[in-house]
Amino acid sequence: MFLEETIAKEVVLTIDGREVKARRGERLLWAALDHDIYIPSLCAIREADLPFGGCRLCFVEIEGRQAPVTACSQFVEEGMVVLTSTPKVKRLRRTAFELLLSHHHLDCAHCARNRNCELQRIAAREGFKLKLQRFRRIPRSLPIDSSHPLFIYDPNKCVLCGKCVWVCHERGIGSIDFAHRGIDTRVSTFDNIPLIDSSCDSCLECVQVCPVGSLVIRDGKKSTEG
Ligand code: FES
């Protein structure tokens, strides 16, 4: 009986030719990563009920489906056959990556997160260049918020992954959120007031989850060790 219940809670699928077991109801991205099968991602949060689906880096192909899907939003299914690095998937990821770069202030040499940045990791893993090739740079010169004594927020480096917004709301603080629309979208305090005047309680969790150099602790040290 116990065995039957355990089996029912699991599904078996194939990812890149490897048979893997995953919890029924698990998202494909986590099932792959748990088995050391790399799929790039920037915006996915395992604990979040709903995937944000903003970065579009986690595309995969599933046998029998016409179009690639994002692995962070796809649930695992029994017998599913998944391919994580087909030419179509690579092309879509490359485009998504370049779009992210087009509004990211790229200055790795002077960034506190140099060599500990998710964009750099993804570029290295996927063989992407950290420079624009097909798209035009969208110039941004948003004011840097250095009002807080512990950390600095540079919106020009933000990739809009939403992790800082999620963690701030999850803690019940909600000092920051997405503001504006389209290419003007940014993470901001309510009414764009300085962080020090917001409800921020200095937990620094936003700094911990930022995958790039947009939120960094004030002394310029790396916020997390990768
Ligand atoms: S991780 Fe899936 S869209 Fe960002």
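This is a predicted model: local features need pLDDT of at least 70, side-chain atom pairs count only at pLDDT 80 or more; totals for chains, interfaces and linings use all residues.
Let me start with a term: a residue counts as buried when its relative accessible area is under 20%.

First, the whole chain. The protein chain has six helices and nine strands. The C-alpha trace spans about 60 × 45 × 30 Å along its principal axes. Buried residues account for 43% of the 226. Take the contacts between residues at least 6 apart in sequence: 60% of them join residues at least 24 apart. The accessible surface is about 12,500 Å², and carbon and sulfur atoms hold 53% of that.

Now the sheet. Five strands make an open sheet with mixed pairing, in the order E2-E1-E5-E3-E4. Strand E2, residues 18-23, and strand E4, residues 69-70, are at the edges; each has a single partner strand, so one side of each has no neighbour in the sheet.

Where does Val60 sit? In strand E3, which covers residues 59-62. E3 pairs with E4 in the antiparallel sense, over two bridges. Across that pairing, Val60 stands opposite Val69.

Which way do the E3 residues point? Phe59 and Glu61 go one way, Val60 and Ile62 the other. All four are buried, Glu61 included. As a rule, side chains in a regular strand alternate between the two faces of the sheet.

Next, what touches Val60? Leaving out residues up to four places away in sequence, the contacts are Leu28, Ile39, Pro68, Val69, Ala71, Val82, Leu83, Thr84, Val89 and Arg93. Helix H3, residues 87-102, lies across E3 and E5, and it runs at about 160° to E3. For a distance elsewhere in the chain, Arg134 is 74 residues along from Val60, and their C-alpha atoms are separated by 22 Å.

On to the cores. In soluble globular proteins, nonpolar side chains tend to be buried together. Here the largest nonpolar core has 32 residues. Those with the most contacts inside it are Leu42, Leu57, Phe97, Leu119, Val187 and Leu215. At least two residues of this core come from each of H3, helix H4 (118-126), strand E6 (151-153), helix H5 (163-170) and helix H6 (205-209). There is also a second, separate core of 22 residues, with Ile37, Ile62, Cys72 and Val82 among them.

Back to the largest core for one of its members, Val187. Beyond four places in sequence, Val187 touches Tyr153, Cys158, Leu160, Cys164, Val165, Ile176, Asp177 and Phe178.

Last stop, H5. Which residues are buried there? Lys163, Cys164, Val165, Val167 and Cys168. Their cover includes strand E7 (176-179), strand E8 (186-189), H6 and strand E9 (215-217). After H5 comes Gly172, with a positive phi near 80°.

That is the tour. Questions are welcome.

Definitions and conventions: Residues are numbered from 1 along each chain as its sequence is written. Side-chain values use heavy atoms; hydrogens and water are left out. Two strands pair if DSSP finds at least two bridges between them. Contact means heavy atoms within 4.5 Å. Axes are lines fitted to C-alpha atoms, for helices over the stretch in contact, and angles run from 0 to 180 degrees between N-to-C directions. Buried means under 20% relative accessible area, exposed over 50%, partly exposed in between (1.4 Å probe, protein chains only). Accessible areas come from the Shrake-Rupley method with a 1.4 Å probe; for residues, only the protein chains shown count as cover. A nonpolar core is a set of buried Ala, Val, Leu, Ile, Met, Phe, Trp, Tyr and Cys residues joined through side-chain atoms within 4.5 Å.
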